[in-house]
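Here are my notes on the model below. Please keep the structure open while reading them.

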Amino acid sequence: MTSTPQAASPVAGSAAPRTTPTNTAPTNTAPTDTTTDPTAAPPRAQTFEALVDPRVRSVSTTDREVAHALIRKNYKITRLEGEGPEPFTYSRAVSGDTRFALCRFEYRRGRLLSESDPTGFLVAGGVMAGRLSLRTRDHELRVEPGAPFSFPSHDAKVMLSYDLVLGQVMLDRTAVERELEAMRLTAPGGLRSTAAEAVSPSLGRYWSDLVRHVHEHVIRNDAAMASQLVRGSAFRSLVAAYLEAFETNVVGVGGADGLSPLPSTVRRARDYIEQHAHDDIGVVEIAEAARVTPRALQLAFRRHLDSTPMAELRRARLRGAHGDLVMADPTLGHTVAGVALSWGFAHAGRFAAQYTAEFGRSPRDTLEG
């Protein structure tokens, strides 16, 4: 359930975030506006406009009618149905700043069906208790407890939950798009998520661990939250982790010509090649790291780099050999053949030709120069 600018949330298993200030409604009453004149009508006589004061960071009620009114105000709801046994409880707690926030949403002892429109936030969630299914025009997902997922950012969605406790992390889309430029990334046509599930279990765990860290050591630390630098660092870390853990339309700026954007598939493959050039890897391993088939990877490299994965691997190994030759000392017994062999070039003559074509000088000149 995607929220308006004041919401976001922790991952499954986290405690409720501490909120400052915290205005919690008494049981069975609507939360009051802290600026209301004490001689005014009692809380239940207030209009629901009083329930959305932006300073209200935490709310709780056992009145289902009040809960539904709050949900409609906090989310871009187009349809809402809820039912269940008594006693019923609803609560929502939000912590963060204008760029990121964590939210804990509870709708206990009941079934909740909602339809809602997209908002100006990128939202990732985690079911902490209960059950949740999510459906959009292109995606359908039954969320497993503890597994992080990304809410669709550009499609209306239908959510059905039972006895739900949901954690969410919300990132302001405009702030994230500003951050992309500093990261040499861009999102053609506007930033959006393109899949609900995390791209891999390991990156899903990385995202969850980071959110727990932000919750425990930033959100719950008053001194940290008072620091603009710490909040900025937390925001940038969440942005980077979100872009890695969930599929988006973000691409890198700077292809082979330094101008054309590179899709995430090619960026992941190139990063893997750079990190593992010294290892025994080939197209299969590179494609697995890029999360595509070998054929799809080869087509992507041809289209965006006018190259092949193996040609990129060879160039990465040549760069590694070049670095070793620059640092090598022939008086200590270092040889061109030895360096070449350590980087997987078994044929010395072929290595010398490829090296010269790449760097404009022979490997021997580099070693002795």
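Is Thr331 buried or exposed? Thr331 counts as exposed, at 68% relative accessibility. Here buried means under 20% relative accessible area, exposed over 50%, and partly exposed in between (1.4 Å probe, protein chains only).

1. **Basis.** This is a predicted model: local features need pLDDT of at least 70, side-chain atom pairs count only at pLDDT 80 or more, and totals for chains, interfaces and linings use all residues. Residues are numbered from 1 along each chain as its sequence is written, and side-chain values use heavy atoms, with hydrogens and water left out.

2. **Confidence.** The chain has a mean pLDDT of 80, where pLDDT is the predictor's confidence in each residue, from 0 to 100. Of its residues, 82% reach 70 or more. Residues 1–56 stay under 50. The model still has 154 contacts for them beyond four places in sequence; contact means heavy atoms within 4.5 Å. Residues 255–259 are also below 50. That stretch has five contacts in the model beyond near neighbours in sequence. Where pLDDT is low, the predicted coordinates should not be read in detail.

3. **Thr331.** This residue sits in the loop between helix H9 (309–327) and helix H10 (336–342). Helices (H or I, at least four residues) and strands (E, at least two) are DSSP runs, numbered from the N terminus. The Thr331 side chain makes a polar contact with the side chain of Asp329, at 2.6 Å. A polar contact is a pair of N or O atoms within 3.5 Å; within protein, one must be able to donate a hydrogen and the other to accept it, and residues adjacent in sequence count only if both atoms are side-chain atoms. Glu368 is 37 residues from Thr331 in sequence, but 9.7 Å away in space, C-alpha to C-alpha.

4. **His68.** Helix H1 (residues 64–74) holds His68. His68 is buried, at a relative accessible area of 10%. Leaving aside neighbours within four places in sequence, His68 contacts Leu80, Gly82, Tyr107 and Leu112.

5. **E5 and E6.** Strand E5 (residues 121–135) pairs with E6 in the antiparallel sense over four bridges; pairing requires at least two DSSP bridges. A hairpin of four residues joins E5 to E6. Arg142 in E6 is the bridge partner of Ser133. Side chains alternate along E6 (residues 140–143).

6. **Helix H2.** In H2 (residues 173–182), Arg173, Ala175, Val176, Glu179 and Leu180 are buried. They cover an arc of only 155 degrees around the axis, so they lie on the same side of H2. The arc is that of the directions from the helix axis to the C-beta atoms. On the other side of H2, Arg178, Glu181 and Ala182 are exposed. The buried residues of H2 pack against E5, strand E8 (157–172), strand E9 (185–186) and helix H5 (228–245). Asp172 caps the N-terminal end of H2, with a side-chain oxygen 3.3 Å from the backbone nitrogen of Thr174. Arg184 follows H2 and has a positive phi, near 55 degrees.

7. **Helix H3.** H3 (residues 201–219) has 19 residues and reaches 25 Å from its first C-alpha to its last. That is close to the expected 27 Å at 1.5 Å a residue, taken as 1.5 Å times one less than the number of residues. Buried residues in H3 include Leu203, Trp207, Val211 and His215. On the other side of H3, Pro201 and Arg205 are exposed.
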